[in-house]
Amino acid sequence: MREKKELELYVHIPFCIRKCAYCDFLSGPADENTRASYVDALVREILSNRDTFSDYRVSTVFLGGGTPSVLEGAQTARIFHALRESFDIEKEAEITIEANPGTVTEDKLDVWKKCGINRLSIGLQSADDRELAMLGRIHTYREFLETCEMARQKDFFNINVDLISAIPGQTVQSWKRTLETVAALGPEHISAYSLIIEEGTLFYERYGEEGQYAKETAGQETRLRNLPPLPDEEEDRLIYSMTREILKDYGYHRYEISNYAREGYECRHNLGYWERKEYLGLGLGSSSLVGEKRFHNTADMKKYMQAPASAEIREEIQELSVQDRMEEYMFLGLRKMEGISAADFARTFQTDIDAVYGEQLRKLREEGLLERENGRICLTDRGIDISNYVFSEFIL
Ligand code: SF4
């Protein structure tokens, strides 16, 4: 029998209790009826894939959003029932749900266990209540602690905590406190991203693209007015290097630019993205990489609800050329601290990496941004600081 190919699944739940001030994800509040109709549509889309992926085995499932934990337990159970009916999910698959404090209950945790969910990714962002309010989060640090304790009592032994640095008004000291407080709790994984002010967010209206104060926003919530300034470049750099040092002291190693884990708890799903494994996105606006084609579902809720099982919801289908694949291979692979292997590049593309990127590799090494040792190429500390510049050098 032919061995099945590996596939990862991403399932998008676009609902949140309220929109955070910095968030540009495809998500927002919705009433109960909309959530119920969306789950109906999502289940239809999942079931419509039943025969298409029969020669694949699923190694990871990631329920992301939005806030998937706003769904009722029974709705999550329906989604998983449809997933298991439609896909061959490995027994040892990593199955993650994103959960926000204030939306998790003991009953939901029980249902998630029964669904086979074995990893929780909890959105905390900061251990400082003033910073949480600044971000427009719905919860306090205490509520996060309660969620964590509940999850441990229900035997969830693989927990990620999401944190954000460079929050307006955050100091190097308050970031240090957040890191130490969270690391002391001992989650298996910590993601620490730096805040980016994205267009279309409340923060963008206040700060503008360059992070400067922009137009006044009359009518916005009072506590989101008169925001303090963002950390400057130097503080930002300090925060970055401090993160790695502090988390190292607590037993976490950095395995990707913004991700830290205890040994053996690296997120398999995200590693799959960086290693260009095939993945199928299900739900509103989700993207996919299948058979060297990238495509994504419509972000139009009405269109999605009407025809979730039709080919019409798939948009911008892009057939990747060898050149596209090489570029992706480089800038996704270099996000990992272990970097990329020259031998693997040769195996994948049937050509020597130096024949394609020799000049770029030499230049970036001379600039002290890349290092090459034992057949592996990876970013230096300086390269991590300006990784976007490094990645742009690999565009052919
Ligand atoms: S909870 Fe997450 S997805 Fe929802 S609005 Fe906030 S940042 Fe965005």
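**View 1. The chain is assigned domain 1 (5–274) and domain 2 (340–396).** These bounds come from an automatic or database domain assignment. This is a predicted model, where local features need pLDDT of at least 70, side-chain atom pairs count only at pLDDT 80 or more, and totals for chains, interfaces and linings use all residues. Residues are numbered from 1 along each chain as its sequence is written, and side-chain values use heavy atoms, with hydrogens and water left out.

**View 2. Here is where the two domains meet.** The C-alpha centres of domain 1 and domain 2 sit 30 Å apart. Five residues of domain 1 are in contact (heavy atoms within 4.5 Å) with six of domain 2. Together the domains bury about 400 Å², 59% of it on carbon and sulfur atoms; that is accessible area (1.4 Å probe) lost on being put together, summed over both. R237, R244 and I257 supply 71% of what domain 1 buries against domain 2.

**View 3. D381 and R244 pair up in a salt bridge.** Their side chains meet at 3.0 Å, N to O. The term takes a side-chain nitrogen of Lys or Arg within 4 Å of a carboxyl oxygen of Asp or Glu. The count between domain 1 and domain 2 is one salt bridge.

**View 4. Now for the ligand and its surroundings.** Among the residues surrounding the ligand (a heavy atom within 4 Å) are C16, R18, Y22, G66, N100 and R137. The shell splits into five nonpolar, four polar and three charged residues; Cys and Tyr count as nonpolar, Arg as charged, and Gly as polar.
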